[in-house]
Amino acid sequence: MTERQAQFRALYRDLRIGEQRGFYERRSEEYGRARHQAIVVRNVLLVLAALAGVAGQVATGTGRAFCGVAAAVLAALAGAVTAYEALIGFAQLRKLYGDAALNLRAAALDWDAAGPDDDVAPQIDRIEQIFRTENGQWGQLMVQNEQVAPPVAGEQEQA
């Protein structure tokens, strides 16, 4: 293997595989944290709603009405947080990026295990296919979101 081929292999490994894998891993972790935060916020709101409901049982007069309104508002906020988490799809995005990172990790191992005189074209095709697959997943997510999202007010369905 020539010096130029060795440099290409090292640069492709570091800049294409390594950098992109790091990006996917960071995004996967970010969406995992976002999902966890949404779950914690939702649960705290539900617990507060339950506490307000219990407090309403022992309160009288306007205190009872206030506790009932507070419980309803807190439960509605918990529902809104849940809907936002489902709309954004934190779990799906975490999986999408995590799968791409795992595939790149396996491809990097194969890249490193290849002999110095092996043809790199099939390996490059495999790695680039990982990127195309990840890009293709975005189209599927968009179709899913369009099916779930309600039509915008004033918009008419087209046949």
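Tutor: The model discussed here is a predicted one. Tyr97 forms an aromatic pair with Tyr24, with 5.9 Å from centre to centre and 35° between the planes, and the pair is tilted. Tyr24 belongs to helix H1 and Tyr97 to helix H3 (residues 90-113), so this pair ties together parts that lie 73 residues apart in sequence. Tyr24 is also buried, because its relative accessibility is 2% and the limit for that class is under 20%.

Across the whole structure, the search finds 9 aromatic pairs. One of them joins Phe8 and Tyr12: the ring centres are 5.8 Å apart and the planes meet at 35°, so this pair is classed as tilted. Phe8 and Tyr12 are 4 residues apart in helix H1, which means that about one helical turn separates them. Their accessibilities place them in separate classes: Phe8, at 39% relative accessibility, counts as partly exposed, whereas Tyr12, at 11%, counts as buried.

H1 and H3 pack at an angle of about 155°, and their axes are 8 Å apart. Angles over 145 degrees count as roughly antiparallel, and H1 and H3 are therefore assigned to that class. The crossing of H1 with H3 is left-handed. By residue class, the contact of H1 with H3 divides into 17 nonpolar, 4 polar and 9 charged residues.

A further contact involves a charge and a ring. The charged end of Arg9 sits over the ring of Trp111, at 4.9 Å from the ring centre.

Helix H1 (residues 3-58) also packs with helix H2 (residues 62-88), at an angle of about 165° and with the axes 8 Å apart. That angle makes H1 roughly antiparallel to H2. The crossing of H1 and H2 is left-handed. The contact of H1 with H2 contains 16 nonpolar, 4 polar and 4 charged residues.

In summary, H1 is roughly antiparallel to H2 and roughly antiparallel to H3, while the tilted pair of Tyr24 and Tyr97 ties H1 to H3.

Methods: Residues are numbered from 1 along each chain as its sequence is written. This is a predicted model: local features need pLDDT of at least 70, side-chain atom pairs count only at pLDDT 80 or more; totals for chains, interfaces and linings use all residues. Side-chain values use heavy atoms; hydrogens and water are left out. Axes are lines fitted to C-alpha atoms, for helices over the stretch in contact, and angles run from 0 to 180 degrees between N-to-C directions. Helices (H or I, at least four residues) and strands (E, at least two) are DSSP runs, numbered from the N terminus. Angles under 35 degrees count as roughly parallel, over 145 as roughly antiparallel, 65 to 115 as roughly perpendicular and the rest as oblique. A crossing is left-handed if the near helix is turned anticlockwise from the far one by less than a right angle, and right-handed if clockwise. Ala, Val, Leu, Ile, Met, Phe, Trp, Tyr, Cys and Pro count as nonpolar, Asp, Glu, Lys and Arg as charged, and the others, Gly among them, as polar. Rings of Phe, Tyr and Trp (its six-membered ring) pair if their centres lie within 6.5 Å; planes under 30 degrees apart count as stacked, over 60 as edge-to-face and the rest as tilted. Buried means under 20% relative accessible area, exposed over 50%, partly exposed in between (1.4 Å probe, protein chains only). A charge sits over a ring if NZ of Lys or CZ of Arg is within 6 Å of the ring centre and within 35 degrees of the ring normal.
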